[in-house]
Amino acid sequence: MKPLTSQKPRVLVMVGLPARGKTFIARKVARYLTWLGISARVFNVGNYRREHLGSRQPAAFFDPDNADGLAARHQMAMAALDDMFAWLQGGGEVAIYDATNAVKKRRDLVTDACRGRGIEPIFIESVCNDPDIVARNIQATKLTMPDYAGVDPDQAVRDFRARIAHYERSYEPVDEPDRSWVKLVDTGERIVLNRIRGYLPSRLVFFLSNLHLDPRPIYLTRHGESAFNVVGRIGGDPGLSPRGKGYSTKLCDWLHTELAGHDDPQVWTSTLQRTRQTVAPLRFETKPLKNLDEIDAGICDGLTYDEIAARWPDDYAARKGDKLRYRYPRGESYQDVIDRLDGVIIELERQRHPVVVVAHQAVLRCLYAYLTGQPREKGPHLQMPLHTVIRLQQGAYGVDEVRVTLDG
Ligand code: F6P
């Protein structure tokens, strides 16, 4: 993906009323691109407002007839825009300008600023006509948004709804025919495209069409201890050790309790014996996916790390030097694993039910890095211990993580 995108910088411009999931989408896109190896950053105008003007602005501040409020908001929008162009100038590849951009005049200004630098911006508008989705977004946002930290929840919802009403009075939906835009209606129920061409924009639309804000947990766990784990050998297709079988029993009991009441939880494994044996006692249907197989260690498959160091010292040193990009001869690198997990990520995003992924150390490091937004270089070094379930729940402003150890 990288060589196709690195020729020129891109600007994505979020559009939408408050509580339409813009920040959620912007962050997701940035995280996805970063994970794939494209430098991406979100410029959130709300953060500039909070930092420079304080986070406790009353709803009246957002009244389009409030001239002082309007001028202050304009100033913040311009400060974020300046920083965004400076970042692109310094080598950034995809900038995401996250603000309401609710009126055509503001979008014209952003378009002119981009075009003046030879960039054609792509607008991503999130429209929600479904009052239930809006209510859920308000609920999710007001609980976690920095503007309402420590504020009584009912008061926060009232203030937030008043803020939305101010924006609604002046809102102009995107329909500029000469621009590139994506309109996401009711979180992907309907998608309208205008002048979307090329690999990256089309790829982004594919990603965007699978996003939604419905909360659901994702569980990540390695297989139970394998016969190779016991002797420190990598790769292969060994079965579980007695201790690994013990984990399998405990994990499946734990999942039956944890997922009781959820209809149709998804359980995905690799195609290797050790993951399939781990879920064998489960009463849910399980799905083996080839893309979840462990990193292919090529000529080093089945060796211990000491044997690799003795037989292939240059390779051993090269991997230590750059674990992300080092590719085992006739095998894979972490970057290769990331590339083959792209489809798994899209499927994970699409699911509205809990998903349990039972896989391997390298594969889970890559998935975890995406889900929690870890810096790329850190991914191959993340802690992914055996006999531990990682429960992740995503919200608009972050990810909740719980680790449960089922050992002993
Ligand atoms: O040792 C277990 C294992 O899953 C191996 O099969 C795999 O090669 C390795 O972990 C990946 O971890 P690292 O990238 O740290 O070598």
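1. Let's start with helix 2 (residues 22–36) and helix 8 (residues 199–208), which pack at an angle of about 125° with their axes 11 Å apart. Please keep in mind as you read that this is a predicted model. Angles over 145 degrees would count as roughly antiparallel and those from 65 to 115 as roughly perpendicular, and helix 2 and helix 8 are therefore oblique to each other. Their crossing is right-handed.

2. Who touches whom in this pair? Helix 2 contributes Ile 25, Lys 28, Val 29, Tyr 32, Leu 33 and Leu 36, while helix 8 brings Leu 200, Arg 203, Leu 204, Phe 207 and Leu 208. Sorted by class, the contact of helix 2 with helix 8 holds nine nonpolar and two charged residues, and no polar ones.

3. Next, have a look at helix 4 (residues 67–89) and helix 5 (residues 104–115), whose axes are 12 Å apart and which pack at an angle of about 25°. Angles under 35 degrees count as roughly parallel, and helix 4 and helix 5 are therefore roughly parallel to each other. Helix 4 passes helix 5 in a right-handed crossing.

4. On the helix 4 side of that contact you will find Arg 73, His 74, Ala 77, Met 78, Leu 81 and Phe 85; they meet Arg 106, Leu 109, Val 110, Ala 113 and Cys 114 of helix 5. The contact of helix 4 with helix 5 has eight nonpolar residues, one polar residue and two charged residues.

5. Helix 14 (residues 334–350) and helix 15 (residues 361–372) cross at roughly 60°, and their axes come within 9 Å. Helix 14 and helix 15 are therefore oblique to each other, and the crossing is right-handed.

6. In this pair, Tyr 334, Val 337, Ile 338, Arg 340, Leu 341, Val 344, Ile 345, Leu 348 and Glu 349 of helix 14 meet Ala 362, Val 363, Arg 365, Cys 366, Leu 367, Tyr 370 and Leu 371 of helix 15. By class, the contact of helix 14 with helix 15 counts 13 nonpolar, no polar and three charged residues.

7. Now for the ligand. Around the ligand sit Arg 222, Asn 229, Ile 234, Gly 235, Glu 294, Ile 295, Tyr 305, Arg 319, Lys 323, Tyr 334, Gln 361 and Arg 365. Tyr 334 and Arg 365 from this list also take part in the contact between helix 14 and helix 15.

8. Which side chains place a polar atom by a ligand oxygen? An N or O atom in the side chain of Tyr 305 is 2.5 Å from an oxygen atom of the ligand. For Arg 365, an N or O atom of the side chain is 2.9 Å from a ligand oxygen atom, and for Gln 361 a polar side-chain atom lies 3.0 Å from one.

Methods: Residues are numbered from 1 along each chain as its sequence is written. This is a predicted model: local features need pLDDT of at least 70, side-chain atom pairs count only at pLDDT 80 or more; totals for chains, interfaces and linings use all residues. Side-chain values use heavy atoms; hydrogens and water are left out. Axes are lines fitted to C-alpha atoms, for helices over the stretch in contact, and angles run from 0 to 180 degrees between N-to-C directions. Helices (H or I, at least four residues) and strands (E, at least two) are DSSP runs, numbered from the N terminus. A crossing is left-handed if the near helix is turned anticlockwise from the far one by less than a right angle, and right-handed if clockwise. Contact means heavy atoms within 4.5 Å. Ala, Val, Leu, Ile, Met, Phe, Trp, Tyr, Cys and Pro count as nonpolar, Asp, Glu, Lys and Arg as charged, and the others, Gly among them, as polar. A residue is near a molecule or strand if one of its heavy atoms lies within 4 Å of it. A polar contact is a pair of N or O atoms within 3.5 Å; within protein, one must be able to donate a hydrogen and the other to accept it, and residues adjacent in sequence count only if both atoms are side-chain atoms.
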